[in-house]
Amino acid sequence: SNPFEVKVNRQKFDILGRKTKNDVGLPGVSRSKAIKKRNQTLLKEYKEREKTNVFKDKRFGEYNTKITPEEKMIRRFTLERQQNYGKKNIYNLNEDEELTHYGQSLAEIEKLNDIVDSDSDTEERGTLSAELTAAHFGGGGGLLRKKVSSEQQDEEEEKPKSRKELIEEMIAKSKQEKQERQTRRESALELTEKLDKDWKEIQTLIARKTPKSERKDKEVEKPKPDEYDMIVRELGFEMKAKPSERLKTEEELAKEEQARLQKLEADRLRRMRGIDEQADKKRPSHMSADDLADGFILDKDDRRLLSYKDGKINIENEEEKEKEEGEEEEEEEGEEEDNDNEEESQEESGSEDEEDDAADSHSDLESDLESEEEAAGNKEERRHKGNENESQNVEKLEPKSEAAKSELPYTFAVPESYETFKSLLAGRTIEEQLIILERVQKCNHPSLAVGNKAKLEKLFGFILEYIGELATLDLPELRTIDKLVLPLYNLCQMFPEAASDSIKFILRDAAHDLEEVIEVKGRATLPGLDTLIYLKIISLLFPTSDFWHPVVTPAFMYMSQLLTKCRITTLQDVIKGLFICCLFLEYVSLSRRFVPELINFLLGVLHISLPKNQAHGYTVVHPFTPVGKNLELLFVCDKEDLKSWEKQNVPLSIVTRLKETSKTEINHIRLSCLALCFDLIKKCAALYESLPSFHEIMHPVRILLMQHVPVNEYPEKMQEWYCSALKELENKVKHYTPLICEKKKPVPLKQYTPKIVKVLEFGRKQASSKKEQERKQLIQRHKRELKGAIREIRKDNQFLARMQLSEIMERDSARKRKVKELLGSLAAQEGEWKAMKRKKWKS
């Protein structure tokens, strides 16, 4: 070995006791060993990859007794076809598979050896025989060759036949084949004639047609068709659905609606001004003197019905009257034009007569004067008739114009301010207000103009403000508010963002007012009727089951604050609070969200229905107090009022007129509020039955109902409500596990002992536990082995690639050598052939 190729791994420091394995090494030794080892193992496996020294019986199902021999053969045949079907080498294009057609090889079919028999020489088709083609198309040399079969080659090795003998033999052979075809044809014809005769004899026995007389006797009643068959036949004769018209877009519908309303408004204005539609239609347009009436079109059918009466023609008088009236109106309207035309024509005729007949007598002037007098008399008569007709028409049109004035307009502009909006609806009934709002939306649809969207967004705010104003009246118009929710909903669907902004603005103001009152006075009262109605409208316009909603969630929080921060001091507050409780149940009916303020308020309502001296086994939270002057708000001790009470719904409008009611009515309202409380408790129990802590939540309510409520003093209907609520609470089975705190290890106290960490040298492993050290060693060893395995696999692949490349190069070199040898031999043959040619040419 060359000493300069020896690799020495030097170390910076010599350490006592450390053993080094790879301090000195030769670069080529390990490589040659590895190559030698691969030649002995990997190369040997590669060369013997397709060889075997053990005979294996791979016949399918040979040792399987469960398969029948037929199945074995079928399965073996399919496997053989599958093996032959796939190519061994996908890059070998010379390898072709045998193609078949009806079990015959296509290679044999293409040889065209089939001979088609024919009846005569003229009808011969198919391929020609070998002898015939050799005789006619092969020339003289082909006939001189010896045509013998493989069996007679050994026997007949004598002289070849002459041309004449071959032709005679071929003629005799063709005549013999023709004779055989003729005999076969005659025999086939005889057989067909015989079969026809036999069939005619048998046919009379097989098919015998019965006469009509016998057929009637043997007729059997046909079975009635089944209901299913009848329905199927009816479906077959039903008319097929025709394609309907294309569905119009929202913009097209808005344009059509706007055009319709504009047309109706134009008709209304015309009626209001007293213009008759029929007169407009009958009034003729101006016609010049040169008009030839080429474009005359009949406006209506002027044909008359012909009838006979007492042997004479009878014509309807009504049509004549209508025609006369129409002519009179036309004469009245064109009266002045006719008179002017007559005067002009008279003057022209007079001037012409004077120029042409100057020598004549004055007889023409006299006749002109007479005609002028007659015309003046006719003019006065026509004027008199026209005035009468005009007065009649005015009398007819007056009620129509008054009705048109009182009718609602069909087109409206969007009001720019709340005052104009309020004046637009002032003095109108509920139905008329809804029609006005509907027409405002249709005439100003966002797709019709650019600025309509902003205008209609303002309209939503105007309607909200109008609803609040109706709710704050002394007698709130709740029926009108209920009807106005529909246009609000339509506008909210068109502009959801603007609608949510308007309602959020109202909620923000209400929440700020509540906070200001609490800061100033320390307590607040429940809001007015308008805010409660707004909370109800929110549940109608927006989805209340969402986990979070930009409008519903603030409303939810605001209602929670109302039930916890507002003191209950009057009966009006109780009614408002119960209304908010109903809203809460409506909000959470789908999401089943737990509302603790709702349960607390219902418990407080039951608390204020008890007498003051009652002992308490439960706790009362804000806004209710266990003691004070506001207790017994719902307590009724009058027995007569208890007997005369009947269950009735508590209307929201009663809040504004409680001061005017009598004591008996107030007691009845108190009892109705208590009955409503029982109903809400029942609904809460049905809603929150799936909660794990249901019994703990409703435990105070159940104790109060069972131990403190004086049920026997209430009327029978009230007792029924009480029993149903208590039954709903007690029927719920405990289907949950009690809440238990999780068992955890106690958290140790913080210790102030410093943690000392040993600082080791750079590059050294830090100290750790034994398990951690073993784990790290395993990880390190696994990494080392993985890298070594990948390196060895890569080297094995490179070795195999080199072996394959060497084999390919050897095959290519052998092929080149053979090609060179072939080309050399061909060149030598070519040289010899040229040399022979030269010799012949020289000779």
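Reader: How many residues apart are Glu-772 and Arg-775 in helix H28?

Author: Let's start there. Glu-772 and Arg-775 are both in helix H28, and they sit three residues apart, which is about one turn of the helix. Keep in mind that this is a predicted model. The two residues form a salt bridge, and their closest N and O atoms are 3.6 Å apart.

Reader: Are these two residues buried, partly exposed or exposed, and why?

Author: The idea is to look at relative accessible area: under 20% is buried, over 50% is exposed, and partly exposed is in between. Glu-772 has 30%, so it counts as partly exposed. Arg-775 is partly exposed too, because its relative accessibility is 49%.

Reader: Is Glu-257 buried or exposed, and why?

Author: Glu-257 is buried, because its relative accessible area is 17%.

Reader: How many salt bridges does the count come to?

Author: The count comes to 14 salt bridges, when the rule is a side-chain nitrogen of Lys or Arg within 4 Å of a carboxyl oxygen of Asp or Glu. Another one to find is Arg-59 with Glu-62, where the closest N and O atoms are 3.6 Å apart. Arg-59 is partly exposed because its relative accessibility is 48%. Glu-62, with 29%, is partly exposed as well.

Reader: Now for helix packing. At what angle do helix H17 and helix H20 pack?

Author: You read a pair of helices from two values, the angle and the distance between the axes. Helix H17 (residues 452-471) and helix H20 (residues 529-541) pack at about 135°, and their axes are 8 Å apart. Angles from 65 to 115 degrees count as roughly perpendicular and those over 145 as roughly antiparallel, so H17 and H20 are oblique to each other. The crossing in which H17 passes H20 is right-handed.

Reader: And which way do H15 and H17 lie to each other, and why?

Author: Helix H15 (residues 418-425) packs against H17 at an angle of about 65°, with 10 Å between their axes. That angle is why H15 is roughly perpendicular to H17. The crossing of H15 and H17 is right-handed.

Reader: What about H20 and H21: is their crossing left-handed or right-handed?

Author: H20 passes H21 in a left-handed crossing. Helix H21 covers residues 552-565, and H20 and H21 pack at about 140° with their axes 11 Å apart. These two helices are therefore oblique to each other.

Reader: Which residues make the nonpolar surface patch?

Author: The patch is made by Val-819, Leu-823 and Leu-826, and its area is about 280 Å². Leu-823 brings us back to helix H28, which covers residues 770-842. With 54% relative accessibility, Leu-823 counts as exposed, because the cut-off is over 50%.

Reader: Last topic, the backbone. Where is the cis peptide bond, and what is its omega?

Author: The bond from His-622 to Pro-623 is cis, and its omega is near 15°. Look for Pro-623 in the loop between helix H23 (596-607) and helix H24 (639-644).

Reader: And what is phi of Arg-592?

Author: Phi of Arg-592 is near 55°, a positive value in a residue other than glycine. Arg-592 is in the loop between helix H22 (571-587) and H23. Its relative accessible area is 43%, so Arg-592 is partly exposed.

Note on methods
Residues numbered from 1 in each chain as written. Predicted model: local features only at pLDDT ≥ 70, side-chain atom pairs only at ≥ 80, totals over all residues. Heavy atoms only, no water. Patch = residues over 30% accessible without salt bridge, like charges linked within 9 Å, V, L, I, M, F, W, Y side chains within 5 Å. Areas by Shrake-Rupley, 256 points an atom, 1.4 Å probe, with all protein chains shown as cover. Helix = DSSP H or I, 4+ residues; strand = E, 2+ residues; numbered from the N terminus. Buried < 20%, exposed > 50% of the residue type's maximum accessible area, 1.4 Å probe, protein only. Axes fitted to C-alpha atoms, helices over the stretch in contact; angles between N-to-C directions. Parallel < 35°, antiparallel > 145°, perpendicular 65-115°, else oblique. Left-handed = near helix turned anticlockwise from the far one by under 90°.
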